[in-house]
Amino acid sequence: MTNPAESLVALLDLERIEVDIFRGRSPQESLQRVFGGQVAGQALVAAGRTTDGDRPVHSLHAYFLRPGRPGVPIVYQVERVRDGRSFTTRRVTAVQQGRTIFNLTASFHKPEQGGFEHQLPPARQVPDPGSLPTVTDEIREHLGALPEQLERMARRQPFDIRYVDRLRWDPDEVEGAEPRSAVWMRAVGPLGDDPLVHTCALTYASDMTLLDAVRIPVEPLWGPRGFDMASLDHAMWFHRPFRADEWFLYDQESPIATGGRGLARGRIYDLEGRMLVSVVQEGLFRAL
């Protein structure tokens with residue numbers, strides 16, 4: 001069986017069908033729509049493949065416009081907006097079956113010395129990832145065994161995810177809970193040495209748990225769900241180099257949810273507490 005990390009690298013390896021046009025696979029999954037992190041990661045690959053490769057991406061801003069269909073290829077059309085002395089800008093449109101489903105603007109910056117550095121420390125001290133159970137182990141402990149569908153998903157999961165706070169299963173457990181969540185994550189296997197692949201893999205992962213923070217005061221993250229949720233937009237700022245196959249802490253919170261939309265933001269740190277990435281996302285929530 002192919003290692004899920006290898007499958008992720010293959011998923012991010014787009015086919016170039018014209019100078020600035022790429023095609024990405026969309027696996028046939030049991031989900032109702034294509035996972036948003038996949039589309040964002042593939043779009044960023046397309047943008048990066050039209051640059052010289054000497055300027056890491058420093059930010060992206062994206063909108064999810066329509067749900068993508070699993071199993072149907074996605075075409076990424078890249079517009080070369082700017083090639084400056086220090087910054088490069090690309091705009092990417094994702095098209096599936098003739099309809100635009102997603103667009104992204106990414107900016108790349110030539111590394112330079114800024115003269116000073118600072119960052120706020122992590123908001124709280126958390127246990128090391130090695131001391132925490134995997135999310136699948138927590139589910140198995142609660143249910144006795146993984147349901148068949150979850151077992152199949154776990155075998156294909158490209159990231160090891162470990163929640164800092166134990167999973168909540170009952171409505172009584174969410175009463176009074178703050179809209180905050182933190183997880184340790186890393187790819188389940190090596191991702192190679194291409195920095196763009198690591199950036200796009202982390203972009204993929206950034207959409208996996210972020211909206212959990214919005215749901216925490218409302219319902220358990222696992223078990224029967226009362227709300228459907230979908231990503232509306234996504235923004236990221238990349239501060240330092242990193243590897244997505246090494247442990248990173250994803251500290252997430254939701255400052256507000258109102259009008260059927262919830263805002264979530266996250267800060268990503270390495271094991272030494274250095275901030276690597278900042279993320280902001282808004283999601284749509286509707287009662288089932």
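Trainee: Which residue in S11 stands opposite tyrosine 250?

Mentor: Tyrosine 250 faces isoleucine 268 there. This is a predicted model, in which local features need pLDDT of at least 70 and side-chain atom pairs count only at pLDDT 80 or more, while totals for chains, interfaces and linings use all residues. Residues are numbered from 1 along each chain as its sequence is written, and side-chain values use heavy atoms, with hydrogens and water left out.

Trainee: How many bridges do S10 and S11 pair over?

Mentor: Eight, in the antiparallel sense. Two strands pair if DSSP finds at least two bridges between them. Strands (E, at least two residues) and helices (H or I, at least four) are DSSP runs, numbered from the N terminus.

Trainee: And which residue takes a positive phi in that hairpin of S10 and S11?

Mentor: Glycine 259, near 65°, in a hairpin with two residues between the strands. The hairpin of S11 and S12 has five residues between its strands, and glycine 273 takes a positive phi near 85° there.

Trainee: How many bridges join S11 to S12?

Mentor: Nine, with the strands running antiparallel. One of the pairs across them is glycine 262 with glycine 283 in S12.

Trainee: What does S12 do with S9, then?

Mentor: S12 (residues 275-287) pairs with S9 (residues 227-238) in the antiparallel sense over 11 bridges. Histidine 234 stands opposite glutamine 281 in S12.

Trainee: Zooming out, what is the strand order of the open sheet?

Mentor: There are 12 strands, in the order S1-S2-S4-S5-S6-S3-S9-S12-S11-S10-S8-S7, with antiparallel pairing. S1 (15-18) and S7 (159-163) each have a single partner strand, so one side of each lacks a neighbour in the sheet. On average, neighbouring strands are turned by 25° against each other, direction ignored.

Trainee: Which strands does H6 lie across?

Mentor: H6 (residues 195-206) lies across S3 (57-64), S7, S8 (180-187), S9, S10 (248-258), S11 (261-269) and S12. Contact means heavy atoms within 4.5 Å. H6 runs at about 150° to S9; axes are lines fitted to C-alpha atoms, for helices over the stretch in contact, and angles run from 0 to 180 degrees between N-to-C directions.

Trainee: Asparagine 103 next. Where does it lie?

Mentor: Asparagine 103 is in S6 (residues 99-109). It counts as partly exposed because its relative accessibility is 27%, the class between buried (under 20% relative accessible area) and exposed (over 50%), with a 1.4 Å probe and protein chains only.

Trainee: Which residues does asparagine 103 touch?

Mentor: Leaving out residues up to four places away in sequence, His61, Ala62, Tyr63, Leu65 and Val92.

Trainee: New topic: how much space lies in the second largest pocket?

Mentor: About 1300 Å³. On a 1 Å grid over the protein atoms alone, a pocket is an open set of points with protein on both sides within 12 Å along at least five of seven lines, a cavity is a set where a 1.4 Å probe fits but cannot get out, and lining residues have an atom within 4 Å of a point. Points are joined across faces, edges and corners, and a volume is the space filled by probe spheres set on them.

Trainee: What lines the second largest pocket?

Mentor: It has 37 lining residues, with Pro56, Phe238, His239, Arg240 and Pro241 nearest its centre. H6 gives the largest share, four residues.

Trainee: How many cavities of 30 Å³ or more does the search find?

Mentor: One. The largest cavity holds about 80 Å³, and its lining includes Tyr163, Asp165 and Arg180.
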